[in-house]
Every structure is written in C-alpha cells, then in structure tokens.
Amino acid sequence: IEPQTESDPAALLLQLLTAFGNLVGRHAYFNVEAALHFALLFSVIVGSTSKGRKGTAWGRVRSVLAPVDPPWASKRIQGGLSSGEGLIQAVSDEGAKDKRLLIVESEFASVLQVMTRTGNTISSMLRQAWDSGDIRTLTKVPLLATNTHISLIGHITKGELLERLNTTEAANGFGNRILWTCATRSKKLPHGGSLAESVVTNMAGTLRESFDWLKSKKTPFRLDWDAQARLLWESAYNDLS
C-alpha cells in the first residue's frame with residue numbers, strides 16, 4: 001500500500017495488525033508464563049489534524065480487510081465509546097453471538113474527556129477486556145460479557161493527548177496497554193494514491209487464507225517465536241524492561 005498513499009507506514013502497519021488481530025478473534029494466542037495473550041491490541045495514532053493522514057491510513061486498511069470477513073466489517077467495527085456499560089452491552093452474553101469488537105475512535109480525545117467524569121467506567125472495562133476478555137459490573141442490575149475479544153484504534157493530535165491523558169490514566173495501566181504511534185504524512189501525492197483493484201484483491205486473499213486456516217483448527221493455535229524474532233526480542237528485552 002505504502003507507495004500509493006500519503007499515509008505513514010507505521011500508521012498503516014499498526015492499524016492493520018490491530019484490525020486483523022480483532023478479525024482473527026480468539027483463534028490464536030501467544031503464551032507468556034501462565035497467561036494467554038490473544039491477538040488483540042490497543043493502538044492510538046498520534047498526528048496532526050489532516051496532515052497526519054491518520055484516517056487515510058485506516059481507510060486503506062479497512063478496504064483490504066473488509067472482503068476477508070464482510071459481516072465482521074459491517075457489524076463488529078463500531079465507534080461512539082461513551083460508557084463502560086455501553087461497551088458491555090455491545091458484547092454481552094445475552095445479546096451478542098459474535099464477541100469480537102473493534103472500536104475505532106477518530107476523535108479519541110473525546111473518549112479521554114469522557115473518562116475523566118466521575119463514575120465513568122470506560123477505563124476499568126477496557127483494562128478488564130485487555131487482561132482477560134471478561135468484563136462485568138457489580139451494580140444492582142449486573143452486566144456481564146465473557147470471552148470477549150475487544151480491540152481499539154484511536155486517532156488523536158499530540159496537543160490533545162498531552163492535555164487529556166491525565167496522570168491517573170497514565171499511571172493506572174490504561175496508558176501502558178496502548179501502543180502509541182506517531183504518524184506524519186509520508187509523501188505528497190496531489191491526486192492521491194491509486195491502488196489497482198487486483199492488488200487489494202491479492203492482499204485480501206492472503207489474509208483470508210490465514211484467517212480460514214486458523215478457523216479450521218479445533219483449538220486455538222499457539223503462536224511462537226521464529227529464530228529471528230527470538231533474537232530481536234532478547235536484544236531489546238532489557239531496555240524495554
């Protein structure tokens with residue numbers, strides 16, 4: 001995609017990984033000690049309004065993924081996150097057969113703003129979803145959603161992020177569950193990029209093959225390092241720790 005778009009390569013890659021991981025659902029996992037990490041990511045793209053081409057990158061990614069699983073693309077990509085209770089309702093045990101949910105918030109600053117309101121439970125519910133996939137309320141009328149697969153894509157400017165990510169959310173584990181990615185316009189294409197339909201079809205076909213292969217497994221597939229990835233992780237581990 002990159003040669004035919006003004007989008008930042010990092011914005012393309014992170015949104016593709018986040019969205020495809022959500023599409024895959026709980027069919028694949030990575031094992032870390034006793035914890036199973038399924039293919040879910042929270043990614044927020046940080047860039048200037050318009051010139052950051054955040055939405056342009058997402059549009060390219062969605063166009064490639066939509067043919068892989070059309071029902072997922074039409075029904076399980078949602079926005080408008082405003083309350084933890086609303087989040088549970090979207091994947092509740094009572095009403096949702098498909099527990100995949102990709103939240104795409106083009107104005108992520110508004111989500112951070114809502115989270116500062118007294119009693120709002122978005123942060124808590126998202127952290128529960130990231131950790132275990134089970135989210136619930138302990139109110140008079142309890143709400144429950146189990147075995148969920150919730151991913152997040154957000155777009156925000158640097159100024160909004162610095163202003164609205166308060167110290168509590170930065171320290172309580174919400175902020176460090178997110179992959180924060182800087183995005184800038186990669187090049188100037190006065191007439192925009194033009195991807196051939198065959199290119200999009202081929203990319204979608206490759207992803208569909210992976211998706212169908214995972215779905216054919218009787219149990220979730222355990223992912224592991226290859227030799228090159230293992231060396232890269234070992235070389236970075238101390239610095240990241």
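Reader: At 10% relative accessibility, does Asp69 count as buried or exposed?
Author: This is a predicted model, in which local features need pLDDT of at least 70 and side-chain atom pairs count only at pLDDT 80 or more, while totals for chains, interfaces and linings use all residues. Residues are numbered from 1 along each chain as its sequence is written, and side-chain values use heavy atoms, leaving out hydrogens and water. Buried means under 20% relative accessible area, exposed over 50% and partly exposed in between, for a 1.4 Å probe and protein chains only. Because its relative accessibility is 10%, Asp69 counts as buried.

Reader: Which side chain is joined to that of Asp69 by a polar contact of 3.0 Å?
Author: Asp69 sits in the loop between helix H2 (54–65) and helix H3 (70–75); helices (H or I, at least four residues) and strands (E, at least two) are DSSP runs, numbered from the N terminus. Setting aside neighbours within four places in sequence, Asp69 is in contact (heavy atoms within 4.5 Å) with Leu23, Arg100 and Phe211. A polar contact is a pair of N or O atoms within 3.5 Å; within protein, one must be able to donate a hydrogen and the other to accept it, and residues adjacent in sequence count only if both atoms are side-chain atoms. At 3.0 Å, the side chain joined to Asp69 in this way is that of Arg100.

Reader: How is H2 oriented to H9, roughly parallel or roughly perpendicular?
Author: Ser63, Val64 and Leu65 in H2 meet Val200, Met203, Ala204 and Leu207 in H9. H2 and helix H9 (residues 197–215) pack at about 65 degrees, with their axes 8 Å apart; axes are lines fitted to C-alpha atoms, for helices over the stretch in contact, and angles run from 0 to 180 degrees between N-to-C directions. Angles under 35 degrees count as roughly parallel, over 145 as roughly antiparallel, 65 to 115 as roughly perpendicular and the rest as oblique. That makes H2, relative to H9, roughly perpendicular.

Reader: Why is helix H5 (residues 108–115) largely enclosed by the rest of the structure?
Author: The buried residues in H5 are Phe108, Ala109, Val111, Leu112, Val114 and Met115. H5 is largely enclosed because, of its eight residues, the number buried is six.

Reader: What is the relative accessible area of Glu33?
Author: Glu33 lies in the loop between strand E1 (28–32) and strand E2 (35–38). Its phi is positive, about 50 degrees, although Glu33 is not a glycine. Glu33 is exposed, with a relative accessible area of 77%.

Reader: Which side chain is joined to that of Thr5 by a polar contact of 2.8 Å?
Author: Thr5 is found in the segment before H1 and counts as buried at 2% relative accessibility. Beyond its neighbours within four places in sequence, Thr5 has contacts that include Leu12, Thr56 and Arg60. The polar contact of 2.8 Å joins the side chain of Thr5 to that of Ser7.
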